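Me: I would like to learn how to read pockets and helix faces. Please take me through a case.

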Amino acid sequence: MMSFLTNQIPINPSLIKPPLSFPFYTKHSSGATSSLRPKMSSSSSPSSLAAALPENRIVVQGGGNAGNALTCAARLGLNPRLISKVADDAQGRGILEELKADGVDTSFFIVTPEGNSPFTYIIVDNETKTRTCIHTPGYPPLIPEELSKDKLDSALNGSRLAYFDVRLHETALVIAKEATRRNIPILIDAEKKRDGLDELLSFATYVVWTEASSVPKGLLSMLLKLSNVTFVIVTLGEEGCIMLERSVSEAQDLEVMDIDEVLESLKQRAPYHSSTPSSISSSVMKLRADGLGTLSGRLHVGTAEKIPPSELVDTTGAGDAFIGAVLFGVCTNMSPEKMLPFAAQVAACSCRALGARTGLPHLSDPRLVPFLD
């Protein structure tokens, strides 16, 4: 699935390309509020029903990295456009209806009369705060030949940013090449090592990473390898995030510092004790690591909101909410110092409701106001 955004707020038009797959999913959670209750089979044993079902609920809603991130961006005031493919089935119709209701432009979708739309059953355990996903991919998948030049041109017109989650990578590469030709920046969600990730990263302007094996050396290695990348962020859940930003300055008199030492210094000064998200940044310096090299830039550490256990409902989609807020921050020219706490707050809001979208805030939400001043 692919998508584009244009701003409703008085900034430049913006575009975001979401991922190439968009699962519609069901959430099953203990003790959560919902309008649907699972039906019990007459063959079920009374003991199992008493233990499992009376306090269970089912919520059906759209999901997937792209759909979640763009729903978040739309609620924050951007105009997302989404390119993807669904079948003409109940799930597909539900996907389109929900996206439209949140202000996402679905006119670029391809609807096929055969096959099936993607669907994921997500089991959320309210006690352990864990989830299990059972995914059925969409079929047949979107292929480059289905995306006409006119449709791609129309989707890209007036766009400021393209966003990919590296699904359906063959089609994504076609769009990334055209976006690059038009000088449209690209944000890559490097959530997992997927087919086509390395190729798409070669077109990236911004990267958000959720499975970094070595922080911050992994961030430094990425920026040294990918000369077009302006910043890379790694999200760390309740521990916040770390961002490495490339500097345009190549002044020779910059201080040279080991990147691990800089990170440790920032962590010692970061207000982790505060319940409100914040950030702390280094000055521009030459950051180095043995065996990697040196880069002129700044390191930023962002903290996360400390959510009371009684308010923590479901972390599904928290990373997508963070990315949706980053998309908004890029399109509205937020500084890293402002963008990282804002994105953390948006993600925290999403964790207070069941499902990836129920808790996504609008820009007018009082909880966001302090981060927009």
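Me: By class, how many nonpolar, polar and charged residues does the lining of the largest pocket have?

Reply: Rolling a probe the size of a water molecule over the atoms shows where empty space is left. A pocket here is an open set of points on a 1 Å grid over the protein atoms alone, where a 1.4 Å probe fits, with protein on both sides within 12 Å along at least five of seven lines; lining residues have an atom within 4 Å of a point. The lining has 19 nonpolar, 17 polar and 11 charged residues. Gly counts as polar; Ala, Val, Leu, Ile, Met, Phe, Trp, Tyr, Cys and Pro are nonpolar, and Asp, Glu, Lys and Arg charged. This is a predicted model: local features need pLDDT of at least 70, side-chain atom pairs 80 or more, while totals for chains, interfaces and linings use all residues. Numbering runs from 1 along each chain as its sequence is written, and side-chain values use heavy atoms, without hydrogens and water.

Me: Which element supplies the largest share of that lining?

Reply: H9, with 5 residues. Helices (H or I, at least four residues) are DSSP runs, numbered from the N terminus.

Me: Which residues of helix H8 are buried?

Reply: An α-helix has 3.6 residues a turn, so residues three or four places apart point the same way. In H8 (residues 259–269), Ile-259, Val-262, Leu-263 and Leu-266 are buried (under 20% relative accessible area, 1.4 Å probe, protein chains only; exposed is over 50%). They span an arc of only 100 degrees around the axis, which puts them on the same side of H8. The arc uses directions from the helix axis to the C-beta atoms.

Me: What does the face turned away carry?

Reply: Exposed Glu-261 and Gln-268.

Methods: Helices (H or I, at least four residues) and strands (E, at least two) are DSSP runs, numbered from the N terminus.
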